[in-house]
Amino acid sequence: MQTEMDLGHRHGGRVTGKWKKRPTSHHSYRTPLLLAALTIFALFISSKIFISPSLFSLSRNSQPLLGRRCAISAASPGEKFLWYAPHSGFSNQLSEFKNAILMAAILNRTLIVPPVLDHHAAVLGSCPKFRVLDPNGLRFNVWNHSIQLIRDRRYLSMADIVDLSSLVSTSAVRFMDFRVFVSKWCDVNLSLACTADSSIHSSLLERLRQCGSLLSGYDGNVDACLFASQEDCRTTVWTYQTDDDGVLDSFQADDELKKKRKISFSRTRKDVFKALGPGSTAGSATVLAFGSLFTGPYKGSESHIDIHKAPRDQKIQSLIQKIEFLPFVSEILNAGKSFARQTISAPFLCAQLRLLDGQFKNHWKGTFLAMKQTLDLLKQKGSLPIHVFIMTDLPRLNWTGTYLGDLEKDPDAFKLFVLREDDELVAQTTKKLVNAAYGMKLQSVSQNFDGREQQCSPLALPDVLLFVEETICSCASLGFVRTAGSTIAESIELMRKNSAC
């Protein structure tokens, strides 16, 4: 049930024309005192959007202002929204997105589609250890990072990566892009984020900071407008149409952990429709804000969401089956297939090797052993050389002295392929995704505003290498060697099972 499980991939892409990589700043200061003074000044003047609202008293007029937003922002009378705070790596974010789709359908709410966050830009913590960031803090961190992606002009919506057309066409769930939501609810023109006018820019950031802190729940709930849920994996396991609503979950903190963490609460199973649906306090709110919607199996239970079937609700049961596998958009699939068929151009094995991150850096021996055993079998059965696509976080310059280095020294037996972030295929795929702008096309035809005219021209190439690599691995006809425990490996297995290539 560990939440920090994704591979940390590189960011950026090949620089062409107006496109450029996200800059990396390096500063040097002569004295610690000057460093401290400049840091404090910079934080206060330029980045106060990222300062926790708890450090500043919000205006007494905040709730009435938000109330007016509720009154005028809904696209149609009675429309209600669901917002949540994704976190960690992409595989975890995708898992949460599926859960959010499910929750939105059960509660009949329009889902606010988030951006793809940078790897671990927002971190939940550890559910098994009952050590997680509170929902308000997580929501505000995610809000700030999402706004930063807009400011950096390297924003990609989850809908730019994952194909939602089957859900949109059947009206199974209603969607709204986060940028459209921000424009409407915060009453801002996001194109001002691109302006060079410091006074306009500062005013925009302050308005966004206040709007984000309110929607994160720092000012409390607002009747019939906002309900910011305080439930998380420490207290609640969400269910639907089961007979155990209100029952204690089977997994609880043990006595030692209760004493160490000073835990006085218990984990309770709650029916999400009964707790947050029509007739409840949350059900009357225009915006329902969740914290994390990540879940995972742990000691015979689920960390936060235990909804795997809905036998008395055929619509939800069908949706559960449909969202089990959400394919990438065609631009990503075509790029992966092109590399497999034109660059590798032969039957090949994919080896997904996670070697540097977290717990995996201590398991090189087992990871390489599984790969060696598979390749030994292929050498006995087939012709040489064996084509192998390597998907790894270990830079190629560091392969010397490892099993990968040994394979490179034997070109008669093995032909190795890798894809890099600065390869033209990756850069061109990213540009196609940015130009396609699927996220900004999500809004239903009833919407009279989609926000596209408010968007800044992108300057930096977001990172799509991971998605293309996963697609390539789904095409590997000689097999797939995975890193045990990696959620990326699980995603690839799901793609292979559903014949994504």
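In which strand is T236 found?

Figure 1. T236 is found in strand β7 (residues 236–239); strands (E, at least two residues) and helices (H or I, at least four) are DSSP runs, numbered from the N terminus. This is a predicted model, in which local features need pLDDT of at least 70 and side-chain atom pairs count only at pLDDT 80 or more, while totals for chains, interfaces and linings use all residues. Residues are numbered from 1 along each chain as its sequence is written, and side-chain values use heavy atoms, with hydrogens and water left out. With a relative accessibility of 0%, T236 counts as buried (buried means under 20% relative accessible area, exposed over 50% and partly exposed in between, with a 1.4 Å probe and protein chains only). Residues up to four places away in sequence aside, T236 touches E231, T268, K270, S303 and H304, where contact means heavy atoms within 4.5 Å.

**Figure 2. Packing of helices α12 and α16.** Helix α12 (residues 330–344) packs against helix α16 (residues 465–474) at an angle of about 55°, and their axes are 8 Å apart. That angle makes α12 oblique to α16 (under 35 degrees counts as roughly parallel, over 145 as roughly antiparallel, 65 to 115 as roughly perpendicular and the rest as oblique). Axes are lines fitted to C-alpha atoms, for helices over the stretch in contact, and angles run from 0 to 180 degrees between N-to-C directions. From α12, residues I332, L333, A335, G336, K337, F339 and I344 meet F467, V468, T471 and I472 of α16. By class, this contact has 8 nonpolar, 2 polar and 1 charged residues (Ala, Val, Leu, Ile, Met, Phe, Trp, Tyr, Cys and Pro count as nonpolar, Asp, Glu, Lys and Arg as charged, and the others, Gly among them, as polar).

**Figure 3. Packing of helices α4 and α7.** Helix α4 (residues 135–152) and helix α7 (residues 178–185) have axes 11 Å apart and pack at an angle of about 100°. The two helices, α4 and α7, are therefore roughly perpendicular to each other. In α4, W143, S146, I147 and I150 meet F178, R179 and V182 in α7. The classes in the contact of α4 with α7 are 5 nonpolar, 1 polar and 1 charged residues.

**Figure 4. Nonpolar cores and the contacts of F389.** The largest nonpolar core has 79 residues, and I101 and F389 have the most contacts inside it; such a core is a set of buried Ala, Val, Leu, Ile, Met, Phe, Trp, Tyr and Cys residues joined through side-chain atoms within 4.5 Å. Helix α3 (residues 90–107) gives the largest share of this core, 11 residues. Not counting residues up to four places away in sequence, F389 touches residues including F339, I344, F417, E469 and I472. A second, separate core of 39 residues includes A85, L124, V180 and L190.

Figure 5. The peptide bond from L384 to P385 is cis, with omega near 0°, and P385 is found in the loop between α13 (364–381) and β13 (386–392). N108, which is not a glycine, has a positive phi of about 55° and has its place in the loop between α3 and β2 (110–113). K262 lies in the loop between α9 (255–261) and β8 (268–271). The phi of K262, a residue other than glycine, is positive and near 55°. At 74% relative accessibility, K262 counts as exposed.
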